[in-house]
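Please read them with the coordinates open.

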Amino acid sequence: MKNQLSSSDEDDEYPSSGMMYCWWRSAAKFEECSRLKVALPKIAGLTPRLRVLRELERLALIANEGLNELRYKLQMYRSGDFWVPTGGIKKEEMDIPPVITILLVGFSASGKSSLVNLMYSVLGRTGLVPFAQTSSGSAKNYETMYMEEHNVLRSLQSGFCVYDSRGFNYDKMGEALEELSSWMIDGVHHNQPCLRSGDHTLLKDDAETAALRSSSKFVQRRVNCSMVVVNIAEVHKALKAGDSKPLEATRELFCSPALRNCNENPILILTHGDLLTTEERIEGRLKLCERLGISETNCVYDVVCLTEYGFLAEESDPVTACAVAEAVYRALLISDRGHFPKKNFQDWAVFILSWLMTFMGILFAFLAEICTTLGHRKKLKH
């Protein structure tokens, strides 16, 4: 399914990726994409397929040197570093958390935990050591039951963390969106239980351990940016079989107002594409992005997940590594654009006053209702 470049002509044209596996180079229209590189056409005039091929070529071109640069920027990053002055407000007047929180969301078996392991491998240089348990290999029935905070840089000075969450169910979107909204409004903390209908019987014998895991001593973090992880192989195969439920459920999740930050969409991560043919992989991406109403190249990344043992599914893949690093970098850019000014005394006074006025309005309405009821009873007696 993947092509390994070996000819000297191709090595000269793509000097930074001559020995890497670039699966899209066997796709239809790729030769046309290669010729367009010289002419530098306007991107808006290209077909969606050509835009995807150009985006994948961009990642291949910068993979080796770009990955090291991104690693360095992420290692040096501290919360708020990418904030730029807007509205005449100083940085010290902004409400910037000490650690930026990136939340991974998606449906069951979409590859969220495997993506966490990939981040550890690429950014934390952990090699073959897995940090998050996945549902692959001998643990196919494993499901994340608690929120898990991951310091993927493995650094005490890390300016961001990544949260792995429990996968949603295609058939219970109402429950999924309600839970997602609570995460985005109330925040998340390490080992926070993700309990749903029917789970209490599973944890009945483990109640004491569950109480210890979900200790209130863990810091409650506000979610700054989210990544929607999608099993593109599952969505494409379902569409091929005439089942649009995974696609429509993904759209409902991705387009949820709770996930929008600073009027920007969440980052889309496509996984398990290596289970498809080259044409299916590209076609699945195009159909999904079209249904979501987003660009097929902006904040969309196709990655090969790690296996249960912590290495890439096929071979070492610099393009996937660069894509993951860039996705995290973009998430931090989005996060630092979404900070709000700190509340001052006047803001709190207005908030308390409005709350009191609302309470008094409800109280007087209740008293008026009681008086009306009593007056009506007296009239009936007379």
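**Notes on a buried arginine, a strand and the cores**

1. The backbone oxygen of V300 lies 3.4 Å from a polar atom of the R285 side chain, and the backbone oxygen of E296 is reached by the side chain of R285 at 2.8 Å; polar contacts here are N or O pairs within 3.5 Å, with one atom able to donate a hydrogen and the other to accept it, and residues adjacent in sequence count only if both atoms are side-chain atoms. The model is predicted, with local features requiring pLDDT of at least 70 and side-chain atom pairs pLDDT 80 or more, whereas totals for chains, interfaces and linings use all residues. Residues are numbered from 1 along each chain as its sequence is written, and side-chain values use heavy atoms, leaving out hydrogens and water.

2. R285 is buried but has no salt bridge, the nearest side chain of opposite charge being D302 at 5.0 Å; buried means under 20% relative accessible area with a 1.4 Å probe, protein chains only, and a salt bridge needs a Lys or Arg side-chain nitrogen within 4 Å of an Asp or Glu carboxyl oxygen.

3. Seven of the seven residues of strand β1 (residues 100-106) are buried, so β1 is largely enclosed by the rest of the structure. Strand β1 runs parallel to β3 (residues 160-164), joined by five bridges, and T101 has C161 as its bridge partner there.

4. The largest nonpolar core has 55 residues, and M227 is among those touching the most other members; helix α10 (residues 318-337) gives the most to this core, with twelve residues.

Technical notes: Buried < 20%, exposed > 50% of the residue type's maximum accessible area, 1.4 Å probe, protein only. Lys, Arg positive; Asp, Glu negative; His and termini not counted. Core = buried A, V, L, I, M, F, W, Y, C linked by side-chain atoms within 4.5 Å. Helix = DSSP H or I, 4+ residues; strand = E, 2+ residues; numbered from the N terminus. Pairing = 2+ DSSP bridges.
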